[in-house]
Amino acid sequence: MNIKGFELNPAWLSSTHVKKLILKLDFGEFSECDCWHLPALKTLHLTQLGSITYTLPESYLICFHSLETLFLDGFDLPISVSLPALTTLRLSSCKLPPTFWDFPALLTLTLDNIVFSDETSEFLIALVNLRKLTLFLRKNMMTDCYINCPQLMNLDINTCMNTISKHPGKIIVLSHKICNFSSVGFFAITFEESELETVNIKLRDQRYKTIASWKNMKDYYPRAIPMFPEVGSAKILTLDSETIEVLPGIFLPFSFSILKL
């Protein structure tokens, strides 16, 4: 099919005019030898609809020298990619590569439903100009995640877990320029080299069930107790009404237990 100079073929996409492309396909039909030629493309959204997770071939991305915004959903990612003009990246349900990607201009990164590992920390360190990082944590982290992006200023974390893990991982922020932090839910986090300016904490997002039950709020004490001291020195601290409502149910039972000892 050919529309306004756009040759549509899953194995070969070619156009000198298209600036935005959104594809939702079963990428199992593609192969490593396929290649796309879209030199004017600025925005690309790729969603894998098949039941099997495939590795996105590097050859699909090597010709996108003008690409500024990339959204990938449901892929294992190739070992290396270089996108010199990319400023915004969102990865959803993707497996991060074990090596660095070359994104020298990347300013905004969103990781949604990503399994954290040692490679995750290395992936983040390589983003030398990143200014904003957003994490959607839909499962309990089983390993620590180190955030050490040298230019990072804004960190948003949305936790959607509704179960308690006996050995949860924690987030360790080493980026010394970070000044704005927003969170949904309670989790273990430390800021080792930064002085926060503004902190905004919500108990839950209206779209997701962050807290499984309010009946046993003491179960969330292990998450809340390491988090609140870390943000207490912020110049501006904002708590939503739900957070204020449940805090006594988390902390008071433990305070009374200590007093009785």
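These notebook entries record what I looked up in a predicted model.

**Basis.** In this predicted model, I took local features at pLDDT of at least 70 and side-chain atom pairs only at pLDDT 80 or more, while totals for chains, interfaces and linings use all residues. Residues are numbered from 1 along each chain as its sequence is written, and side-chain values use heavy atoms, with hydrogens and water left out.

**Helix α1.** I looked up helix α1, residues 118–125 (helices are DSSP runs of H or I, at least four residues, and strands runs of E, at least two, numbered from the N terminus). Thr-120, Ser-121, Phe-123 and Leu-124 are buried there (under 20% relative accessible area; exposed is over 50%, partly exposed in between, with a 1.4 Å probe and protein chains only). The buried residues line one face of α1, because they fall within an arc of 160 degrees seen down its axis (the arc of directions from the helix axis to the C-beta atoms). I noted that they pack against β8 (88–92), β9 (108–112), β10 (132–137) and β11 (145–147).

**Core.** I found 66 residues in the largest nonpolar core, with Ile-147 and Phe-181 having the most contacts inside it (a set of buried Ala, Val, Leu, Ile, Met, Phe, Trp, Tyr and Cys residues joined through side-chain atoms within 4.5 Å). Helix α2 (residues 221–231) gives the most to this core, with 4 residues. Leaving aside neighbours within four places in sequence, Ile-147 is in contact with residues including Leu-124, Leu-133 and Ile-171 (contact means heavy atoms within 4.5 Å).

**Positive phi.** I recorded a phi near 50 degrees for Ser-93, which is not glycine; Ser-93 lies in the loop between β8 and β9. Asn-113, also not a glycine, has a positive phi of about 60 degrees and sits in the loop between β9 and α1.
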